[in-house]
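Q: I am new to this structure and would like a close look at a single part of it. Could you pick one pair of neighbours, start there, and then lead me on from it step by step?

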Amino acid sequence: MKAYLAVIKDSFREALSSRVLWILLILTTLLLLALAPLGIREELASTLHRRDIRAGVEFAQKLSAQGTAAKLTPGRTIWPMLSEDLQSDIEQLNAAQAPSDEDDSPINEFELMSRLISELNALLDRADFYNEEAWKGYSLNDEAAQLQERGIDNLSGKELRRLNRLALQAAYSTDIVKAPNSAGQLVYFGYELGDPLPMDRDQTQQGVKNVLMIVMSFLVGAIGVFVAILVSASIIPQTFEPGSIDLLLSKPLSRSLLFLTKFVGGCAFILLNAAYLIVGLWLYLGLRFDIWSNRLLLCIPVFLFLFSIYYSVSAFAGVVWRNAVVCVVMAILFWAACFVVGTTKGAIESFALNSKRFAVIVPAGDTLLGANKSGDVFQWQPRANGWRQVFQGQQGGHVPFGFAYPMVGPVYDAQADQLVAISSVTPGFPTFGGAGKLAVGKRDEDWRRVTGVTSPHGTQSVLINSDGRILTAGTSGLFRFEGDPTYEHKPWLLFGLDFADKKKVGKFVTIGPAKGQSWSQPFSAGYDAQSDTFAVYSRGKLAVLEHLPEGRFEVAQETETPEDGAALIATTGEKVILAAKSGEVLLFEADTLKQTGSYRPFGKNEPRLISTSPDGRWIAVLFHNRKLSLYDAENNREVDAGLLGQGDISTAAFNEAGQLLAADRFPRVTAYEPGSWEIAEQYEAPSETLELVYRYVVKPIYTVFPKPGELDNVVAYLLLEQKSAAVVGDQEDNLQAERAPIDIWTPIWSNLAFLAVMLGLTCLYIERKDF
Amino acid sequence: MNDDSLVIVNDLRKTYRDGMLRRRRIDALKGVSFEVKPGEVFGLLGPNGAGKTTMIKILLGIVRKSGGSATLLGLPAGKRHGRRRVGYLPENHRIPHHLNGNSALEYYGSLSGVSVSDTKARRGELLSLVGLGEWGKTSVKKYSKGMLQRLGLAQAMLHNPELLILDEPTDGVDPVGRAEIREILSRLKDEGKSIFLNSHMLQEVELVCDRVVILEKGSVRHIGNVEELTAISSTDVVFVLEGEESLLRKSIDPALIASWSPIGGNRYKIALMLNGQSEVNRALDRIRAAGIGICSMTPHRLTLEEAFLQLVRAQSKRGEIAQSDEPTEITSFGDES
């Protein structure tokens with residue numbers, strides 16, 4: 001054994017004698033020294049950002065209206081402080097606003113909002129911004145009240161800005177998002193860089209980890225591995241060249257073990273470099289950001305593993321051809337082959353097939369509809385054995401590649417025999433958190449989409465109650481639609497103004513929660529039509545809202561949840577089901593909100609959707625690893641139903657008969673009988689050529705091919721501790737949004753298998769070779 | 001065959017296969033048999049391509065035999081336990097450039113099972129022995145070829161092996177260094193070490209080897225003591241004769257004269273090629289009968305080099321005439337020399 005340790009020791013001696021190693025270590029030291037003064041200083045959040053304003057135009061209009069009114073309001077105080085140019089442009093915007101021509105407005109809304117935010121930020125420094133008289137009707141939160149009590153003259157500049165910011169959000173609570181408690185100011189050598197970032201401590205740490213992951217993947221995973229391949233390429237050929245191998249093989253050593261220890265020793269170079277950089281970054285994160293993430297140190301073996309995969313190819317070439325150039329060329333060819341296979345699969349999935357997967361299944365009585373990830377809705381055609389696109393309209397259209405589902409819903413309104421959805425105004429931009437439009441399609445009009453009024457901000461669920469009324473839920477509250485949703489507004493324009501009657505368009509009226517109560521992200525709402533109750537989750541708080549006789553919903557029960565991260569919620573009337581981002585599913589009694597059980601079907605995988613059977617017995621939770629879990633609420637146990645396509649399921653729902661419908665492939669919907677989980681029916685059109693090529697050629701090749709590039713997933717998992725990543729940025733708290741599953745085990749196993757095969761083949765060659 | 005022989009080779013054969021489909025056969029060894037006894041310095045001789053290096057590599061397990069048998073230190077050739085007791089200096093060996101004299105001995109010592117502390121204790125003495133006492137801390141990058149040979153020899157001796165297998169140990173070493181290496185080998189021989197020596201330097205083989213085996217085209221041409229070998233072709237007799245040149249020329253058969261040189265006065269140094277004792281007697285009778293004075297008569301002994309060349313040339317001539325199925329001459333393939 002000592003002999004083999006001597007080989008490894010010699011490899012380290014060789015690595016340390018390499019000038020390239022010392023150059024890289026010096027460069028790493030310089031990088032760490034350059035990073036050392038960079039930090040984020042936590043301070044009171046007061047800066048207003050663009051994303052803090054929910055609907056800019058409406059907020060500007062409100063300011064303008066209050067500013068020109070006689071009544072003393074916050075707007076009346078703020079408006080005169082704005083520049084005349086800005087005032088005039090906002091007034092012009094008011095004049096130009098009409099439902100029909102908002103896209104043709106001569107005012108550049110984006111630029112206008114930027115100016116408004118910039119001026120408001122400047123005003124936040126003013127001591128006369130907050131006027132107690134003007135704010136009389138608005139209640140300041142505890143923090144603002146405390147600041148106010150101390151007296152404006154006694155506040156520091158930052159505290160004054162904070163008070164003004166809190167006052168602004170109190171006055172415009174529906175328009176302006178609450179400021180986080182703290183913000184992160186980027187500082188370098190004590191100098192502030194840019195505006196403070198609206199991030200609390202956790203978000204800052206998460207952001208730092210995200211940046212770190214990119215830096216490490218690039219510096220170590222790409223550049224480091226490539227340099228190591230170049231540097232180590234000559235080690236094996238030199239060992240096996242005549243004169244050198246004769247001497248080694250004359251020693252009492254096993255040929256295979258000699259090669260394997262040389263191989264392990266060849267990893268010394270990358271080990272020294274990666275360890276130095278990562279330990280340096282670990283110390284930097286700990287000392288500057290208080291992120292003592294030991295998992296970061298686990299990235300060292302991961303990068304070592306990544307390098308060893310390429311090196312196994314290089315070493316095999318080195319033994320057979322004994323030429324360093326051939327080793328490098330073979331390693332690069334191997335990388336290129338992996339890249340081509342991975343990219344081909346990824347491109348076909350991302351640009352052609354994924355968008356065809358169903359995001360929503362809509363059982364609609366005797367027929368079945370489904371909406372794919374691009375927002376296209378299809379109805380099953382039994383005779384044609386295929387899907388036909390329906391629910392098409394002018395607005396809320398197709399989103400290419402299905403990166404962001406552009407609707408809330410659709411849901412089926414059985415009483416009116418129609419589809420109801422909230423569709424995004426701007427295709428390609430997710431509805432969640434922004435403004436959408438109510439869209440309805442009646443079956444007798446072949447599901448033609450009719451777009452109506454603007455939906456409340458932040459609508460996350462659209463629901464139909466037992467009376468057939470359309471309800472919505474979101475952070476701005478619960479709303480009921482009043483009016484005829486199928487009415488199509490036809491503008492009658494004169495001088496750019498719409499004189500048509502807008503009363504028939506209908507409107508959303510608020511039905512909850514009670515005044516003084518508000519919800520914030522992360523948010524989720526579930527509704528049970530039979531008991532007419534809502535279950536709402538909002539940042540660590542779980543509430544059940546009951547329907548009061550006067551039509552409003554008020555909180556009947558409320559409790560804190562163990563975690564305050566993102567979660568999904570559903571209710572069966574008797575039970576409330578909460579699927580947390582951590583992967584745990586919690587069950588509560590609806591009446592008391594006492595937790596009655598919990599289960600964790602797929603580890604830390606994040607949930608994507610909850611569906612319950614009409615009788616409330618079966619709970620289906622779909623996770624972002626595309627696996628569906630079934631739970632028997634009657635017997636309190638998980639059910640292994642042996643569903644088809646586990647790992648590929650994109651959505652699920654129960655139909656009125658209690659059958660479970662699960663969609664996989666591109667798409668295939670399978671109906672299962674409840675309890676026996678036998679397949680009742682399948683809905684799948686004949687596959688297209690590309691899909692067949694993907695299924696029978698690309699995917700099998702990808703499966704058996706090593707996946708060194710996907711070890712980035714492991715690094716991402718170690719750093720971010722997430723099992724999936726949002727496809728569209730800024731959607732971390734939205735579990736319904738498209739997320740790419742972070743599969744860490746498949747690349748590990750596949751690469752381990754490849755490494756074993758390569759090393760095994762090389763050992764076999766060495767054992768049989770006459771040197 | 002003696003059971004206590006360090007090396008026993010019996011009908012050893014090795015066939016290399018070459019070409020894209022590996023259909024071309026090259027017989028490197030064709031039934032070689034010999035043995036090396038304890039305490040013996042044994043020389044392995046032969047022209048390029050005779051199969052000498054293949055023979056050594058088979059003994060060390062670097063190359064696998066195709067047939068026959070070979071044992072090293074009582075174990076089948078190539079066994080790890082056998083290699084543990086052998087010190088090997090390969091021809092044209094390469095020592096990694098990141099090492100210096102001391103660390104190279106440390107490294108190769110560890111591979112041979114010598115602890116680092118033992119190596120540290122011995123390396124000074126060993127390096128001095130091979131003439132590298134001042135060079136232990138110098139990178140091998142700066143070593144000349146001769147210095148690398150000496151370092152190679154030091155690493156081969158480091159673990160105090162029972163048998164030293166040296167492949168061209170004086171290759172690239174200057175005459176002084178060669179003499180030093182010969183001295184080391186003699187000292188090792190005196191210490192009772194066994195040495196298996198493959199060298200082109202026939203003079204040094206002659207000086208240090210007890211026995212030699214001559215390989216040619218994969219077969220044994222001769223095996224035995226160096227004296228026996230040099231005596232095989234010792235048929236020349238050098239006479240110093242005194243008399244008239246015309247008389248001398250009349251009395252001696254011109255066909256027997258190998259060389260003729262006057263050495264002053266009426267004396268001549270004449271070498272005669274005489275085949276056997278009867279021809280010597282006949283020549284002496286004729287010289288005496290003619291009244292020629294015989295000042296001296298010395299049988300001429302060949303050097304090993306001359307004997308080797310005679311033997312190899314004679315075999316080649318015989319081969320050219322008679323052998324149509326002689327083995328292919330190996331000029332170059334793989335590591336074979």
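**A strand pair and its setting**

A: Let's begin with one residue: Glu242(B) has Arg267(B) in S13(B) as its bridge partner. Please keep in mind that this is a predicted model.

Now step back from that bridge to the two strands. Strand S11 of chain B covers residues 236-242, and strand S13 of chain B covers residues 267-273. They pair in the antiparallel sense, over seven bridges. In general, the strands of a sheet pair through backbone hydrogen bonds, and this can be parallel or antiparallel.

S11 and S13 belong to an open sheet of four strands in chain B, and reading across it gives the order S12-S13-S11-S14. The pairing in this sheet is antiparallel. At the edges stand S12 (257-264) and S14 (293-299) of chain B; each has a single partner strand, so one side of each is left without a neighbour in the sheet. If you ignore direction, neighbouring strands here are turned against each other by 20 degrees on average.

Where does this sit in the chain? The domain assignment of chain B lists domain 1 as 7-85 + 162-231 and domain 2 as 235-299. Between the C-alpha centres of domain 1 and domain 2 of chain B there are 42 Å.

Let's turn to the other chain and to where the two meet. The contact takes 21 residues from chain A and 23 residues from chain B. On the chain A side, H1 and helix H11 (245-249) each supply at least two residues. H1(A) gives the largest share of that side, six residues. Sorted by class, the side of chain A that touches chain B has nine nonpolar, eight charged and four polar residues.

H1 of chain A (residues 2-16) also has a helix neighbour in its own chain: its axis and that of H12 of chain A (residues 255-266) come within 8 Å and cross at roughly 30 degrees. H1(A) and H12(A) are therefore roughly parallel to each other, and H1(A) passes H12(A) in a right-handed crossing. From H1(A), the residues that meet H12(A) are Tyr4(A), Val7(A), Ile8(A), Asp10(A) and Ser11(A). Their counterparts in H12(A) include Leu257(A), Leu258(A), Thr261(A) and Lys262(A). By class, this helix contact has six nonpolar, four polar and two charged residues.

Technical notes
Residues are numbered from 1 along each chain as its sequence is written. Chains are lettered from A and ligands numbered from 1 in the order in which they are written. This is a predicted model: local features need pLDDT of at least 70, side-chain atom pairs count only at pLDDT 80 or more; totals for chains, interfaces and linings use all residues. Axes are lines fitted to C-alpha atoms, for helices over the stretch in contact, and angles run from 0 to 180 degrees between N-to-C directions. Angles under 35 degrees count as roughly parallel, over 145 as roughly antiparallel, 65 to 115 as roughly perpendicular and the rest as oblique. A crossing is left-handed if the near helix is turned anticlockwise from the far one by less than a right angle, and right-handed if clockwise. Two residues are in contact if their C-beta atoms, placed from the backbone, lie within 7 Å. Ala, Val, Leu, Ile, Met, Phe, Trp, Tyr, Cys and Pro count as nonpolar, Asp, Glu, Lys and Arg as charged, and the others, Gly among them, as polar. Two strands pair if DSSP finds at least two bridges between them. Domain bounds come from an automatic or database domain assignment.
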